[in-house]
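Let us walk through this chain from its overall layout down to single residues. Keep the viewer open as you read.

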Amino acid sequence: MTKQRQLILDIINRSYSHPNADEIYKEAKIVMPNIALGTVYRNLGLMVKDGEIRRLVCENAPDRYDRVAPLHDHMLCTECGKITDTDIGSLWDTIENCVGEKIVGYELMVRHVCNSCKSEQN
């Protein structure tokens with residue numbers, strides 16, 4: 001694994017904010033000033049393809065990135081765009097029972113209005 005790829009993976013694995021590529025780049029640049037934005041994007045694509053990280057596709061916003069383990073789902077505030085981890089229990093068995101086939105993965109993004117945004121609306 002290259003030093004750049006390891007740095008990107010470390011940034012994602014220690015983050016709970018689900019950073020986008022630009023945020024990862026800015027943090028990586030502090031540690032490795034010569035890293036290029038293209039290097040970050042290329043490595044993110046490879047890491048998603050290799051199953052090292054997860055890409056969270058957000059409507060009308062840049063994709064965000066997250067660690068793979070432990071398996072968890074996400075909640076997206078439709079007002080502020082904040083993504084938080086959530087554990088609603090394993091849906092794995094439920095999905096397999098419903099479709100009658102072995103599944104190899106799933107992604108769940110629950111859209112909601114977070115408590116902070118609800119407070120601001122009142």
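**From fold to residue**

Read along the sequence, the elements run α-α-α-β-β-β-β-α-β-α. That gives five helices and five strands. Both kinds of element are DSSP runs, numbered from the N terminus: helices are H or I with at least four residues, strands are E with at least two.

This is a predicted model, in which local features need pLDDT of at least 70 and side-chain atom pairs count only at pLDDT 80 or more, while totals for chains, interfaces and linings use all residues. Residues are numbered from 1 along each chain as its sequence is written, and side-chain values use heavy atoms, with hydrogens and water left out.

Start with the whole chain. Its C-alpha trace spans about 50 × 45 × 25 Å along the principal axes. Of its 122 residues, 33% count as buried. Buried means under 20% relative accessible area, exposed means over 50%, and partly exposed lies in between (1.4 Å probe, protein chains only).

Now look inside. The largest nonpolar core has 15 residues. Such a core is a set of buried Ala, Val, Leu, Ile, Met, Phe, Trp, Tyr and Cys residues joined through side-chain atoms within 4.5 Å. Ile-8, Ile-12, Ile-24, Val-40, Leu-44, Ile-53 and Tyr-65 touch the most other members. Helix 1 (3-13), helix 2 (21-31) and helix 3 each give two or more residues to this core. Helix 1 supplies the largest share, five residues. A second, separate core has five residues, including Leu-56, Cys-58, Ile-83 and Met-109. In soluble globular proteins, nonpolar side chains tend to be buried together.

Which residues does Ile-53 contact, leaving aside neighbours within four places in sequence? They are Leu-9, Ile-12, Leu-44, Met-47, Val-48, Tyr-65, Asp-66 and Val-68. Contact means heavy atoms within 4.5 Å.

Thr-39 lies in helix 3 (residues 37-49). Thr-39 counts as buried because its relative accessibility is 16%. Not counting residues up to four places away in sequence, Thr-39 touches Gln-4 and Ile-8.

Three strands form an open sheet in the order 4-3-5, with mixed pairing. Strand 4 (83-86) and strand 5 (109-112) stand at the edges with a single partner strand each, so one side of each has no neighbour in the sheet. The twist averages 30° from one strand to the next. Strand 3 (residues 73-77) pairs with strand 4 in the antiparallel sense over four bridges. Pairing requires that DSSP finds at least two bridges between two strands. Met-75 has Thr-84 in strand 4 as its bridge partner.

Terms used. Axes are lines fitted to C-alpha atoms, for helices over the stretch in contact, and angles run from 0 to 180 degrees between N-to-C directions.
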